[in-house]
Amino acid sequence: MLAQRLTLPVAWLLVIVLFGALEPDTFLTSANFETIFGSQAVLVVLTLGLLLPLTAGDYDLSVAAVLTMSAMIVALLNVDEGWPIGLAIAAALAACVLAGVVNGALVALLEAESLVVTLGSGAFVSGLVFWMSDSNTIGGVSETLTDAVIVREILGIPLSFYYGLALCIAVWYVLEYRPAGRRLLFVGKGRSVARLSGVRVARVRFGALVASAGIGGLAGVLYAGTIGGADPSSGASFLLPAYAAAFLGATSIVPGRFNPWGAIVAVYFLVTGVTGLQLLGAD
């Protein structure tokens, strides 16, 4: 059992050893590892948000669109409308939570399939983003946000990494030690049994989808701070890597369960492999 728990961290270590042996002058440098750890905060946060509905047995395919909407609202309000960055972020998060409420209502209250509902809502939100932005990229977001995301560093790693780490600890604590986490797992294992045991299944599923959208909004704020603006389409590229990390992470640390520590290891395992291949000259 211990071997299975450590499979992914050991595989990550072996990947580091492999590329370190092949490209010691470029791969085994502090600058390279600072880039690896500092470049994936958006993906880490998005993946952690996905874990909540996945644990409850639901899929949220709208999170990438919600991320893009969050970044675009921040950019539009801060750059075009002159709103203070704090108010722009608050408005973006409120819009994302509203999207989660709609998803949760359709899935939990009307008992529609989460895969279909969130696929449709994601398409709607994506269209809304293109309409809001007039299909334009917006740059020039307040330096207050970019400083807090990528400029300021601890041990050479941007603060965005530590935001993802803090969220990982919070999600782990909720899933492992709070009644809400127990209920999420119970509902995911069997809704009928959970309902007969007195668990309010609809409420649990509703809350998971709202939380997923809210965390997706946080990922969008980090994305806006990372690139200094917003693009109406680039957020979609995060969806498949986030699901890949979530499912790969479920094979390790706590095998058979979606878990935050496995997810965060999976993210950095994947990006380490990609970085190593790029240094070797692969596309």
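Mentor: Helices are DSSP runs of H or I with at least four residues, numbered from the N terminus. Ile150, for example, is found in helix α8. Please bear in mind throughout that this is a predicted model.

Trainee: How many helices and strands does the protein have?

Mentor: There are 14 helices and four strands. The radius of gyration is 19 Å, close to the 19 Å given by the globule rule for 283 residues, so the protein is as compact as a globular protein of that length. The C-alpha trace spans about 60 × 55 × 30 Å along the principal axes.

Trainee: What share of the 283 residues is buried?

Mentor: The term buried applies under 20% relative accessible area, exposed over 50%, and partly exposed in between. Buried residues make up 49% of the 283 residues. As for the surface, the protein exposes about 13,000 Å², and carbon and sulfur atoms supply 68% of that area.

Trainee: Why does Ile150 count as partly exposed?

Mentor: Ile150 has a relative accessible area of 32%, so it is classed as partly exposed. Setting aside neighbours within four places in sequence, Ile150 is in contact with Pro158, Gly225 and Thr226. Ala65, by comparison, is 85 residues from Ile150 in sequence and 23 Å away in space, C-alpha to C-alpha.

Trainee: Which residues does Ala148 touch, beyond those up to four places away in sequence?

Mentor: Ala148 touches Leu159 and Tyr163. Ala148 lies in helix α8, residues 143-151, and counts as partly exposed because its relative accessibility is 22%. Ala148 and Leu159 are 11 residues apart in sequence, with their C-alpha atoms 6.6 Å apart in space.

Trainee: Is Ser160 buried or exposed?

Mentor: Ser160 has 1% relative accessibility and therefore counts as buried. Ser160 lies in helix α9 and, apart from neighbours within four places in sequence, is in contact with Gly38, Ala41 and Val149.

Trainee: Gly38 leads us to another helix. Against which elements do the buried residues of α3 pack?

Mentor: An α-helix has 3.6 residues a turn, so residues three or four places apart point the same way. In helix α3, residues 30-38, the buried residues are Asn32, Ile36 and Gly38. The buried residues of α3 pack against β3 (157-158), α9 (159-177) and α14 (260-279).

Trainee: What share of contacts with a separation of 6 or more comes from residues 24 or more positions apart?

Mentor: Such pairs account for 76% of those contacts.

Trainee: How should I read a positive phi?

Mentor: Most residues other than glycine have a negative phi. Leu155 has a positive phi near 60°, and it is found in the loop between β2 (153-154) and β3. Leu155 is classed as exposed because its relative accessible area is 77%. Ile253 likewise has a positive phi, of about 65°, although it is not a glycine. Ile253 sits in the loop between α13 (239-249) and α14 and is partly exposed, with a relative accessible area of 21%.

Trainee: How many disulfides does a search of the whole structure find?

Mentor: The search finds zero disulfides. Cys96 is buried, with a relative accessible area of 0%, and Cys168 is buried, also with a relative accessible area of 0%.

Trainee: Finally, how far apart are the mean positions of the positive and negative charges?

Mentor: The mean positions of the 12 positive and 16 negative charges are 25 Å apart.

Technical notes. Residues are numbered from 1 along each chain as its sequence is written. This is a predicted model: local features need pLDDT of at least 70, side-chain atom pairs count only at pLDDT 80 or more; totals for chains, interfaces and linings use all residues. Side-chain values use heavy atoms; hydrogens and water are left out. Helices (H or I, at least four residues) and strands (E, at least two) are DSSP runs, numbered from the N terminus. The radius of gyration is taken over C-alpha atoms; the globule rule is 2.2 Å times the number of residues to the power 0.38. Buried means under 20% relative accessible area, exposed over 50%, partly exposed in between (1.4 Å probe, protein chains only). Contact means heavy atoms within 4.5 Å. Accessible areas come from the Shrake-Rupley method with a 1.4 Å probe; for residues, only the protein chains shown count as cover. Lys and Arg count as positive and Asp and Glu as negative; His and the chain ends are not counted. The place of a charge is taken as NZ of Lys, CZ of Arg, CG of Asp or CD of Glu. A disulfide is a pair of cysteine sulfur atoms within 2.5 Å.
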